[in-house]
Amino acid sequence: MNTARYTLTFKKGCLALAMLAYSTMASAITLSISPGSQTIGISDTVDIAVVISGLGDFMADSLGTYDLNISYDSTVLTFQSATFGDSILGDQLDLFGLGSITADIPGSDVVEVYEVSLDSPSDLDSLQPGTFELVTLSFSANAVGVSSIDISVIDLGDANGYLLSASTINGGTITVSAVPIPAAVWLFYSGLLGLIGIAKRKKVA
Amino acid sequence: MHGGEFYMAGDTTSNDFPGTTGGAQPTYDGSGDIFIARLSSDLTTLVQSTYFGGSGGEDTTGSTITFDNSGDIYITGVTTSPDLPASSGGAQSTYSGGTYSGDVFVALISADLTTLRQSTYFGGSEDEDGWLQTNDITRQPLHFGNGIFIAGYTMSDDLPGTAGGYQPAFAGGGFFEFGDGFIARLSQDLTSIVQTTYLGGTDDDALIFLESAGASSFYVVGYTRSDDFPGTAGGAQPVYGGSAYPPNYNNLLFGDVYIALIPDDLTTLTQATYLGGSGDEEALVFTVAGSSVYQSGSTESDDFPGTAGGAQPTSGGGSDAYVAKLSADLTTLEQATYFGGSGTDAGTAGFHHNGDLYMFGITDSIDLPGVQGGIQQHIGRQQYLYHLNPATVSPDFDTYVARLSSDLTTLIQSTYYGGSGFELGDLVGGTDGELLEYNGNVYLNGGTDSDNLCGVAGGAQPAYGGKIYSGDSFLALLSSDLLGPSCDIQGDLDGDGDVDLDDINIIRGYLGDPASGPNDPVDIDGDGRISVLDMRRLVPMCTRARCATS
């Protein structure tokens, strides 16, 4: 057996695996607006969450900080407030609820949101899931129209403050309709459609 | 320090000064007296102290003590007392007048402070309104050969003993009413005036200090606004360099420094020279070293002579410290150099036994040259200042030490020393540039109102004892190479000795800024911009968990 050749082949294999792992990690991070599409009536308020996924999932790379610009159409929507952290899991950059550094800075057609964790790198790496909501933004509708919600990354940083990159960024859309339509009315119509469907099936039968 | 004991002197208005029982003058005589105190070398015992003064006021500084060969003490100052003790039989036994500072006095006291051997007045009759309310001010009595030499400045045109002197007549004064410099030689027992001479031109002149030039002559250094100062023909700089300002009390500055070489009989002048550019200079220290002399101080001139080829050939801006090396005969300016940044810098210089020249002084320049790799690379230890535009920054003064080659062509290393408050400092020694060393390390002393000086842990007094603006003294022992380990902790942007939330919030205040340069301490990751990544980078560096501030 050619030991040298075997060693070389093994090293190449390791390198390929490492590169695969790196490319997987590097390309895995996704930022999304959730839900991606919503329709609301005039004067309604709407919440959208910024979700990150593709992190290490209780291992490195975890998220230590982010700084994002969330843009919207201010002729359609008015920014109201930002709530940091995941609505169910809690703030995953403040794992123990002891505080982090956060800010929401409204601008023209944009709101900048950032958070810096004060948790230790080891805690972030071992306790942070791979997917969670970073922040939830509330908007009120002030005119009929369609506003896209776009994410622009200023910085994403890992537990030690080194740069992370998001390979995929999914924006969202909020449609503001002319007449406010209560949710119960939509239920009524959808129920009616259901009854029509049943009636048609009965006729067919 | 004399005979293994510390001596200190100063002014007091206390009538209960400690340790005066058994002293040469055990009781206070009103309106401010001089005190002299003698302490054991470990500073644990006040061996003896004494007052000196009459019913008027006296003023002196600690640097005015000198010792004669038998250990007796000479002390000088100014007095308005007409009844100075032991002046009877003195060279000038009666007070000559003056509304404010009055006359110079010289007193001779036994080393044990129990006996006042003799005192004497020295002064003229003028009643001037001089700067700092003085008309005859003297510094540092110089024990020299068989005489005591005092120097100062006066507005009196009738100083005693000037007949036969090099300049027997008063040449006049200017706006500041300093008048002329004077030098007087008194007998060692203070019972006679051997010779006096004025030394000055038609504007204001002031003699600041004397330094021995060998067996029978000495150098005298001072300031002048006179363009007709005597004896400068043939000197290294024969012509007055000028002053940038018309005289006013808000800019109490003198045009040039002058240096004169004078035989000790005071009847002739060997050579004098101006030293200065078109701005203003202040002389601080004069050092004799072999066949050259070094004079250091501060300058506002951007055309200070002789700086070409120097360690810093051009002014850093504002006022800079300077050192000039002249031939011992004062006919040649061999080399000069600026030392300073864009702010205000002033400095003194002294020689280390390693042969290099050390400058000590104060600075509020955030861009002092040569500090890279030094003990303290950031003024006030406040690294965040280095993110800002230097033109907008006004830090409190720090002290500094700089090491230069003796030919003044190379700045070897420099360092700041100071905390976030205000420091004033000087080399331990005197106006003759004496450098106090310990195992090759150099001492730096001064005053501070900072509670975060570097290197105090383990010191005799590790914690700041004063209050804001009242301050403490400090004494620092620096390695002679002035190199780190650095006082600067990476991420300690506010210089309080730890890395915490306060430092993170400093970065937060500059989010979105471009870095000020490749060495911007706020740009922790060095990517050329200030971002949340810099904030997060600091978290693992924090002194305490979660970057707690205490």
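## A walk through the two-chain model

Let's start in the middle: the largest nonpolar core holds 170 residues, and the members that touch the most others are B:Ile36, B:Val106, B:Ile183, B:Tyr219, B:Val220, B:Met359 and B:Val401. Domain 1 (282–488) and domain 2 (501–547) of chain B each give this core at least three residues. Keep in mind that the model is predicted. As a general point, nonpolar side chains in soluble globular proteins tend to be buried together.

Which residues does B:Tyr219 touch once neighbours within four places in sequence are left aside? They are B:Leu210, B:Glu211, B:Ala213, B:Ile259, B:Ala260, B:Leu261, B:Phe286 and B:Val293.

**Strand 7 of chain B**

B:Val106, another of the core residues with the most contacts to other members, takes us to strand 7 of chain B (residues 103–109). Seven of the seven residues of this strand are buried, so strand 7 is largely enclosed by the rest of the structure. B:Asp103, B:Phe105, B:Ala107 and B:Ile109 point one way, while B:Val104, B:Val106 and B:Leu108 point the other way, and all are buried.

Strand 7 of chain B has antiparallel pairings with strand 6 (residues 73–79), over seven bridges, and with strand 8 (residues 116–122), over six bridges.

**A four-stranded sheet in chain B**

Further along chain B, an open sheet of four strands runs in the order 21-22-23-24, with antiparallel pairing. Strand 21 (345–351) and strand 24 (411–417) stand at the edges with a single partner strand each, so one side of each has no neighbour in the sheet. From one strand to the next, the twist averages 20°.

Strand 23 (residues 398–404) and strand 24 of chain B are joined by six bridges and run antiparallel. In this pair, B:Tyr400 lies opposite B:Tyr416 of strand 24. The loop between strands 23 and 24 of chain B holds B:Leu408, a residue with a positive phi of about 65° although it is not a glycine. Is B:Leu408 buried or exposed? B:Leu408 counts as buried because it has 25 C-beta neighbours inside 10 Å, and 20 or more are enough for that label.

Most residues other than glycine have a negative phi, and most peptide bonds are trans. Here are some exceptions, in both chains:

| Where | Feature | Value |
|---|---|---|
| A:Ser34 to A:Pro35 | cis peptide bond | omega about -10° |
| A:Ala60 to A:Asp61 | cis peptide bond | omega near 0° |
| B:Leu408 | positive phi | about 65° |
| B:Cys547 | positive phi | near 60° |

A:Pro35 is in the loop between strand 1 (30–34) and strand 2 (37–41) of chain A, and A:Asp61 is in the loop between strand 3 (45–53) and strand 4 of chain A. B:Cys547 lies in the segment after helix 2 (532–538) of chain B; with 24 C-beta neighbours inside 10 Å, B:Cys547 counts as buried.

**How the domains of chain B meet**

Chain B is divided into domain 1 (282–488) and domain 2 (501–547). Their C-alpha centres lie 30 Å apart. Four residues of domain 1 of chain B are in contact with seven residues of domain 2. On the domain 1 side, that contact is made up of two nonpolar, two polar and no charged residues.

**Where the chains meet**

How many residues does each chain bring to the contact between A and B? Chain A supplies 15 residues and chain B supplies 13 residues. On the chain A side, strand 4 (63–71), strand 7 (110–116) and strand 9 (145–158) each give at least two residues. The largest share, three residues, comes from strand 4 of chain A. By class, the chain A side has seven nonpolar, six polar and two charged residues.

Technical notes: Residues numbered from 1 in each chain as written. Chains lettered and ligands numbered in written order. Predicted model: local features only at pLDDT ≥ 70, side-chain atom pairs only at ≥ 80, totals over all residues. Contact = placed C-beta atoms within 7 Å. Nonpolar A, V, L, I, M, F, W, Y, C, P; charged D, E, K, R; others polar. Pairing = 2+ DSSP bridges. Axes fitted to C-alpha atoms, helices over the stretch in contact; angles between N-to-C directions. Domains from an automatic or database assignment. Core = buried A, V, L, I, M, F, W, Y, C linked by C-beta atoms within 7 Å. Buried ≥ 20, exposed ≤ 12 C-beta atoms within 10 Å, placed from the backbone.
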